Amino acid sequence: MSAPNHGLGLGICCRLIDEFLTLPNNHGSLTIIFTTRTSRKASETLSTLENHLAKHGTSKSDRQIYFQPENVELTNLLSVRALSRKLLASHLPYLNAIVLNAGIGGWSGLKWPSAIWSTLTDIRQATTWPTFKLGLVGLVTKPQFPEGTKAAREEPILGEVFCANTFGHYMLVHWLMPLLRACDSASPGKIIWISSVEAGARHYNPDDHQGLKSSVAYEHTKRLSDCLALSAVNQPATGSLVKEYITSSDSEEQLQPRSQESEPSFLVAHPGICTTTIISLYWIVHQGYRLGIYLARWVGSPWANVTSYLGAASISWLILASQAEIKAKAVSATGNLGGPCKWGSAVDRLGRSSVQVTDVEGWGINGTGKPFKDKWWGGQVGRKTGSVDATKEDVDNFLALGADVWRKMESLRKDWEARIEEFEAEDSHKSK
Ligand SMILES: NC(=O)c1ccc[n+]([C@@H]2O[C@H](COP(=O)([O-])OP(=O)(O)OC[C@H]3O[C@@H](n4cnc5c(N)ncnc54)[C@H](OP(=O)(O)O)[C@@H]3O)[C@@H](O)[C@H]2O)c1
């Protein structure tokens, strides 16, 4: 599993430990591979997880859970490549699930008058769908290739928020495909995109695929996650693109040959709202924000999780649930067998956690184009004000957008793979 060193990533690891150890008929072992950007954070995280595990009273000798820290910088494709090669060359037999959790907001602060006004007049909407974050426009990654190389001279720019939240993950998953495809066909590998309840249709602009001109680059990438995951499942418009994506190149297959047993499934989840450091706030403001989310919970917001542990509910459930359990929950939540759902971590006024389906603009709850007004959130409580049910036509448009997104992502993947190969050839030629 890929998860960073604090915030939601840590919440997912802790919850996964607790839920795995309390699974009925649990005999197997679990290895949690978590990623950080520095070795200091890796050892801090490892010791936090060891302490969390120790609360279960599991002695070191008979523990069923193992931790494997790894390092990756998602805005550096050579670092992503190095991690994938290391894991492929290892003796890991397969990867059951990869959680695409790491990410950045790319915000510089808040529009204070609007923040105060919207919080005082509608705290539930203000804390769940804030319209007062100040997004930085045009953030780009550091150069991917060392200065002076031919690859560096020809290098195009990459959007930083896009690369951290979407493209770095997208490349990592593609390169790790032999491990995901080595899962038994009864339990195929899971690719779990972490989205946000905030992602709306207006946030993604197809003419600015990397969100370079956008002041909502974060929300843009979250809408991308929704489009990628929800349009990947059994859709004629994306079928051939998804097939290409899940097919590994020979060089990846050869690092440590594994048989290809299954095709991975694409899933999407969100943590509701948790107070993490994704937005940088002064301590006192952070406490006010935390209180605001509690108040939103008490006036009925089902997404006001506050803690990362509660926010991790939908993700840990997706990791451990069988395909049949996910399908059964989707049918019971939506009333019919439709397409995939976006799974959210929800909470009630007393802080009791649950996993619930979430409305996706243009897709609805399961892409059937059927209304769902009487569902669990009781009218509009869990939806953004003004939301409407997706019609059949909206769903068709969503799928057309999904196909366009897949086309753009695949084209970008091939372009960067070619650049990396050329760079590596140049590099190995020089070092001979
Ligand atoms: N918090 C919420 O309410 C909320 C709501 C909806 C969705 N989410 C999603 O939840 C996920 C986790 O967010 P969070 O709230 O837990 O934020 P966070 O506390 O800031 O954690 C983000 C993590 O991502 C890592 N990271 C950032 N850029 C990276 C990069 N280029 N390469 C590798 N790792 C990188 C960070 O590592 P460092 O520690 O090294 O910086 C950090 O550990 C994100 O995808 C976010 O969009 C959060």
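Val 306 counts as buried, its relative accessibility being 0%. In this predicted model, the residue is found in strand 9, which covers residues 304–306. Its phi is near 65°, a positive value in a residue other than glycine.

Asn 234 also has a positive phi, about 50°, although it is not a glycine. Asn 234 lies in the loop between helix 9 and helix 10 (236–245). With a relative accessible area of 73%, Asn 234 is exposed, whereas Val 306 is buried.

Strand 10 (residues 342–347) holds Ser 345. Ser 345 has 0% relative accessibility and therefore counts as buried, the cut-off being under 20%. The side chain of Ser 345 reaches the backbone nitrogen of Ala 313 at a distance of 3.5 Å.

Gly 335 is placed in the loop between helix 15 (323–334) and strand 10. Its relative accessible area of 60% makes Gly 335 exposed.

## Surroundings of the ligand

The ligand has 28 residues around it, of which Leu 8, Glu 73, Asn 101, Tyr 218 and Thr 276 come nearest. By class, this shell has 13 nonpolar, eleven polar and four charged residues.

Several side chains place polar atoms by the ligand. For Thr 276, an N or O atom of the side chain is 2.5 Å from an oxygen atom of the ligand. A polar side-chain atom of Glu 73 lies 2.6 Å from a ligand nitrogen atom, and one of Lys 41 lies 3.1 Å from a ligand oxygen atom. Taken alone the ligand exposes 890 Å², and the protein buries 93% of that area. Helix 1 (7–21), helix 9 (217–230) and strand 8 (273–274) are the elements that give two or more residues to the shell.

## Salt bridges

Side chains of opposite charge can pair when their charged atoms come close. The count for this model comes to 20 salt bridges. One of them joins Glu 422 and Lys 150, with an N to O distance of 2.5 Å. Glu 422 lies in helix 16 (residues 392–430) and Lys 150 in helix 6 (residues 150–153), so this pair ties together parts that are 272 residues apart in sequence. Glu 422 counts as partly exposed at 38% relative accessibility, as does Lys 150 at 34%.

Glu 244 forms a salt bridge with Lys 414, and their closest N and O atoms are 2.6 Å apart. This pair links distant parts of the chain, since Glu 244 is in helix 10 and Lys 414 is in helix 16, 170 residues apart. Glu 244 is partly exposed at 35% relative accessibility, and Lys 414 is partly exposed with a relative accessible area of 36%. Within helix 16, Lys 392 and Asp 396 are four residues apart and therefore separated by about one helical turn. Their side chains meet in a salt bridge of 3.1 Å, N to O, and Asp 396 counts as partly exposed at 40% relative accessibility. Lys 133, Glu 198 and Glu 219 are linked in a network of salt bridges.

## Nonpolar surface patch

Trp 112, Ile 116 and Leu 120 form a nonpolar patch on the surface. Together they have about 350 Å² of accessible area. Ile 116 lies in helix 4, which covers residues 112–121, and counts as partly exposed at 48% relative accessibility.

Definitions and conventions: Residues are numbered from 1 along each chain as its sequence is written. This is a predicted model: local features need pLDDT of at least 70, side-chain atom pairs count only at pLDDT 80 or more; totals for chains, interfaces and linings use all residues. Side-chain values use heavy atoms; hydrogens and water are left out. Patches are made of residues with over 30% relative accessible area and no salt bridge: like charges are joined within 9 Å, nonpolar side chains (Val, Leu, Ile, Met, Phe, Trp, Tyr) within 5 Å. Accessible areas come from the Shrake-Rupley method with a 1.4 Å probe; for residues, only the protein chains shown count as cover. A salt bridge is a side-chain nitrogen of Lys or Arg within 4 Å of a carboxyl oxygen of Asp or Glu. Buried means under 20% relative accessible area, exposed over 50%, partly exposed in between (1.4 Å probe, protein chains only). A residue is near a molecule or strand if one of its heavy atoms lies within 4 Å of it. A polar contact is a pair of N or O atoms within 3.5 Å; within protein, one must be able to donate a hydrogen and the other to accept it, and residues adjacent in sequence count only if both atoms are side-chain atoms. Ala, Val, Leu, Ile, Met, Phe, Trp, Tyr, Cys and Pro count as nonpolar, Asp, Glu, Lys and Arg as charged, and the others, Gly among them, as polar.
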